[in-house]
Amino acid sequence: MKKVAFYTLGCKLNYSETSTISRMFENKGYQKVEFDQTPDIFIINTCSVTENADKKCKKIVKEAKKISPNSYVTIIGCYAQLKPQEIATIKGVDAVLGAAEKFRLIELLDGFAKEQEAKVLASEIQEATVFNNAFSINDRTRTFLKVQDGCNYGCAFCTIPLARGKSRSDSIANILDSAREIAASDVKEVVLTGVNIGDFGIQDGKRKERFADLVTALDEIEGINRFRISSIEPNLLTNETIEFVSRSKRFVPHFHIPLQSGSNTMLRAMGRRYLRELYEDRVSKIKTLMPHCCIGVDVIVGFPGETEELFLETYNFLNELPISYLHVFTYSERANTRATEMGGVVPMKVRNERSKMLRILSEKKRRQFYQENLGKTYTVLFEEDVEEGKMHGFTENYIRVSAKYDPMLINETKLVQLVEINEMGSVDIEEPEIVYEKH
Ligand code: SF4
């Protein structure tokens, strides 16, 4: 029995896809092992968004060859689609597969016999038109369920459409089948995953279904306690979806909405499809219906043309908004994107300073959000990891709590009252006070 090991870089989508590809191997009789258990085959799923994708890829290949010098090393993922020939020259690589080929790798690399030269099977990205469904079940607590892939937008800084192709989705019927399968494996929380999930519904190039109908159908799935919408573009987050979440049985009050900049000048330069007024309106709609809702924000600093004044517009905008945390990205040049041809390049030192300012703001926002929720009662889903005798979990609205380790609580939900913010920045809890109503 041949042994195969996996390594994943990047986002939730990559994790869900690696997990599905690993199940394909197991179904064909391969044995899935850990990276250091002398595998015969390595599958490395790469990312094009992370810094130094090339260096990371080389490093992992080198490690793989140290562990199993005669192993067969295959590279898949976004970076493999963008730079297949470059990757093929890395010492130790046996095959590189693109976006249209990666789900057929067992059949395409029939037997994994080593050849003199690395095999490159990467069609042009236009060929990646098929939706391959995927979900992760490595972690019992939380599953990433892929519902959509690719993107038809063309933001000036982004390589994802080049690496993943056009927007396409699974059908609601198939997604419900996957959700039932996940429910049967005792997973408590499902995170809907995609590149641009608000654009859900395109099949064979035509819009056939709607995101709002997908979430409504999933809400009826028994056996899954929670669904989380991972990240959704502000212009695609409709009132219908916000209202649905506010009365849903299973969708939790947590949105992650990319903003990228709080300056309309920058939003236009980036090619984003909304202005700051729309963003403000979405946040206000959410907070009116769900005052306790957690709102996460992606923001990029140092995009070409971002003057001090425009950066401060972003800073002040975020400071004023009732959001809960930020994911701050320091802009870095990516080949084949429009942004690399723009003037007004921001020096790296300034980019880093701005990034630091927003990270501090993020901490302030998170603390403020946690503070507002102290004394309230929520349901926590506890996770597996233990740190210095403490275990952790998240509430519906994504507040991280700490509790004394209790093996019985792993992957279980429990009603708790939030007491105080501890020195680790998470929240200590106690059993909720029972309030008896007078009759
Ligand atoms: S919406 Fe913009 S940033 Fe997001 S994947 Fe599409 S092109 Fe990239």
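**Entry 1: terms and model.** I begin with a term: a strand is a DSSP run of E with at least two residues, and strands are numbered from the N terminus. The model I am reading is predicted.

**Entry 2: N411.** I looked up N411 and found its place in the loop between strand 20 (400-404) and strand 21 (413-421). Its phi is positive, about 60 degrees, although N411 is not a glycine. I counted N411 as partly exposed because it has 17 C-beta neighbours inside 10 Å, and the partly exposed class lies between 12 or fewer (exposed) and 20 or more (buried).

**Entry 3: D204.** I then turned to D204, in the loop between strand 12 (202-203) and strand 13 (206-207). D204 is not a glycine either, yet its phi is positive, near 50 degrees. Is D204 buried or exposed? D204 counts as exposed, because it has 9 C-beta neighbours inside 10 Å.

**Entry 4: domains.** I noted the division of the protein into domain 1 (3-125), domain 2 (134-372) and domain 3 (377-430). Taken over C-alpha atoms, the centres of domain 1 and domain 3 are separated by 36 Å.

**Entry 5: helix 8.** Which residues of helix 8 (residues 211-218) are buried? I recorded F211, L214, V215 and L218 as buried. They lie on the same side of helix 8, because they cover an arc of only 90 degrees around the axis.

**Entry 6: A217 in helix 8.** I also checked A217, which lies in helix 8. A217 counts as partly exposed, because it has 15 C-beta neighbours inside 10 Å. Beyond its neighbours within four places in sequence, A217 is in contact with I172 and L176. A217 and A173 are 44 residues apart along the chain, and I noted 9.1 Å between their C-alpha atoms.

**Entry 7: A179 in helix 7.** I found A179 in helix 7. A179 counts as buried, because it has 25 C-beta neighbours inside 10 Å. Setting aside residues up to four places away in sequence, A179 touches L145, V190, L218, I221 and I224. One of these, L218, is among the buried residues of helix 8. For Q85 I noted a separation from A179 of 94 residues in sequence and 38 Å in space, C-alpha to C-alpha.

**Entry 8: K249.** I located K249 in the loop between helix 9 and strand 15 (254-260). K249 counts as exposed, because it has 10 C-beta neighbours inside 10 Å. K249 and R226 are 23 residues apart along the chain, with 8.4 Å between their C-alpha atoms.

**Entry 9: the nonpolar core.** Which members of the largest nonpolar core touch the most other members? In this core of 109 residues, I noted V96 and I295. Strand 16 (residues 294-301) gives the most to the core, with 6 residues. I listed the contacts of I295, not counting residues up to four places away in sequence: F255, I257, V283, I286, I323 and S324. In soluble globular proteins, nonpolar side chains tend to be buried together.

**Entry 10: the ligand.** Which residues are around the ligand? I wrote down C151, Y153, G154, C155, C158, I160, P161, V195, N196 and E233. Sorted by class, this shell has 7 nonpolar, 2 polar and 1 charged residues.

Conventions: Residues numbered from 1 in each chain as written. Predicted model: local features only at pLDDT ≥ 70, side-chain atom pairs only at ≥ 80, totals over all residues. Helix = DSSP H or I, 4+ residues; strand = E, 2+ residues; numbered from the N terminus. Arc of directions from axis to C-beta. Near = placed C-beta within 6 Å. Nonpolar A, V, L, I, M, F, W, Y, C, P; charged D, E, K, R; others polar. Core = buried A, V, L, I, M, F, W, Y, C linked by C-beta atoms within 7 Å. Contact = placed C-beta atoms within 7 Å. Domains from an automatic or database assignment.
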